[in-house]
Amino acid sequence: MLRGCFSEFKSSTAVLHRRRTAAMFFIMFVFSYLVLNSTFDSCQIRLPEYLVSSTDIFSSAISLHSLSDSADTSLETVLEEASMHDKTVILTTLNEAWADPNNSILDLFLASFRFGYQTSRLLNHLVIIALDQKAFVRCKRVHTHCFALTTEGVDFSQEAYFMTPDYLKMMWRRVDFLRSVLEMGYNFLFTDADVMWLRDPFPHFYPDADFQIACDHYSGNSTDVATNLANGGFSFVRSNIRSIEFYKYWYSSRVTYPDLHDQDVLNNIKFDSILTDIHLKLRFLDTTYFGGFCEPSRDLNKVCTMHANCCVGLDNKVHDLRIMLQDWKNFMALPPNMKSSLRSTWRAPKNCSLALRRHLDLSGTTAETIS
């Protein structure tokens, strides 16, 4: 009997020993992974894709729920590291669909800074706001300043089709986030990631404006509230009490216009008396310098940015932006005397125009509402 008890005791001890050993190995693995991951991030070392994809699975398991907390505490740090001397930052948003390396808006966006005239230095001031885990991981591989903005209970990872509930949530989340950046004392230049940066835009901003924004249609007068059609994909905003109050009002107006997205709401509230009451200085940006597929800039010697607006579908945007970027590279390769005399225009939009016509025929909407 004693022999049996002793044998049973030895068996139990062996099992306990194996469990402790396994637990120790697991703890060592987790600790090693976290140390290595931190080292890669701080040194900006890029792993081969086949290794990164396998580690992402584990990263998602341990970081998905803590990502938001860590990002919230580091927002001030991210903005401070990226800001210019006057506390100005460049901001864009990114989700998994637009970060996909196989069909990437993000790659084209970053490439435009590198191919643009005197724009590569501006990448030092660009903060990419990742709306989901995979977009954040992708951002960390290719850029310095990344911030993870998560929204509990909402999945922004997939392509958000125009005017769907997810699209509306994503647009309003963006407006509210930008308000918080202003409240932290930072000026910002917000740009959609489907905007190609071809020249430094800052010399063309109005020095006395609180809020200045690009247009789907520009009337020729920067103060013309009635005719200019604002596009929320590109705006320069200075942090002050007027701009903060305006963003609060803009965000609250989603309740007044529940079926409209932020851009259409803006084109409605620009007539409201509150803008006069708070003395907001509003300006609209000339499409000569800040063009897009809705109203292209026709002068390659002046254009600063080109936006893939008035376009439906991610694949169509990528296709036409590639054409546009190639047109720009061809222009930049010309001798100076040929550049100054050139009167050529963009080959794009191509697929975007066809997709937009099909969309308008099916939905009965106008081109002014498509971003």
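Visitor: Which residue in strand 10 is the bridge partner of Met196?

Guide: The model is a predicted one. Strand 5 and strand 10 (residues 305-307) run antiparallel and are joined by three bridges. In strand 10, the residue bridged to Met196 is Met306.

Visitor: In what order do the three strands of the open sheet stand?

Guide: Strand 5 (195-197) and strand 9 (290-292) each have a single partner strand, so they stand at the edges, with one side of each left without a neighbour in the sheet. The twist from one strand to the next averages 20 degrees. The pairing is mixed, and the order is 5-10-9.

Visitor: Which residue of strand 7 does Thr191 stand opposite?

Guide: Strand 4 pairs in the parallel sense with strand 1 (residues 88-94) over four bridges. With strand 7 (residues 229-237), strand 4 pairs in the antiparallel sense, also over four bridges. In strand 7, the residue opposite Thr191 is Phe234.

Visitor: Is the pair of Phe202 and Phe236 stacked or edge-to-face?

Guide: A pair of aromatic rings is described by the distance of the centres and the angle of the planes. Planes over 60 degrees apart count as edge-to-face. For Phe202 and Phe236 the centres are 5.7 Å apart and the planes stand at 85 degrees, so the pair is edge-to-face.

Visitor: And is the pair of Phe205 and Phe236 stacked or edge-to-face?

Guide: Phe205 lies in the loop between strand 5 and strand 6, while Phe236 lies in strand 7, 31 residues apart. Both Phe205 and Phe236 are buried. Their ring centres are 4.7 Å apart and their planes are at 15 degrees, so the pair is stacked.

Visitor: Over the ring of which residue does the charged end of Lys329 sit?

Guide: A charge is placed over a ring only if it is within 6 Å of the ring centre and within 35 degrees of the ring normal. The charged end of Lys329 is 4.5 Å from the centre of the ring it sits over, that of Phe115.

Technical notes: Residues numbered from 1 in each chain as written. Predicted model: local features only at pLDDT ≥ 70, side-chain atom pairs only at ≥ 80, totals over all residues. Heavy atoms only, no water. Pairing = 2+ DSSP bridges. Helix = DSSP H or I, 4+ residues; strand = E, 2+ residues; numbered from the N terminus. Axes fitted to C-alpha atoms, helices over the stretch in contact; angles between N-to-C directions. Phe/Tyr/Trp six-rings, centres within 6.5 Å; stacked < 30°, edge-to-face > 60°. Buried < 20%, exposed > 50% of the residue type's maximum accessible area, 1.4 Å probe, protein only.
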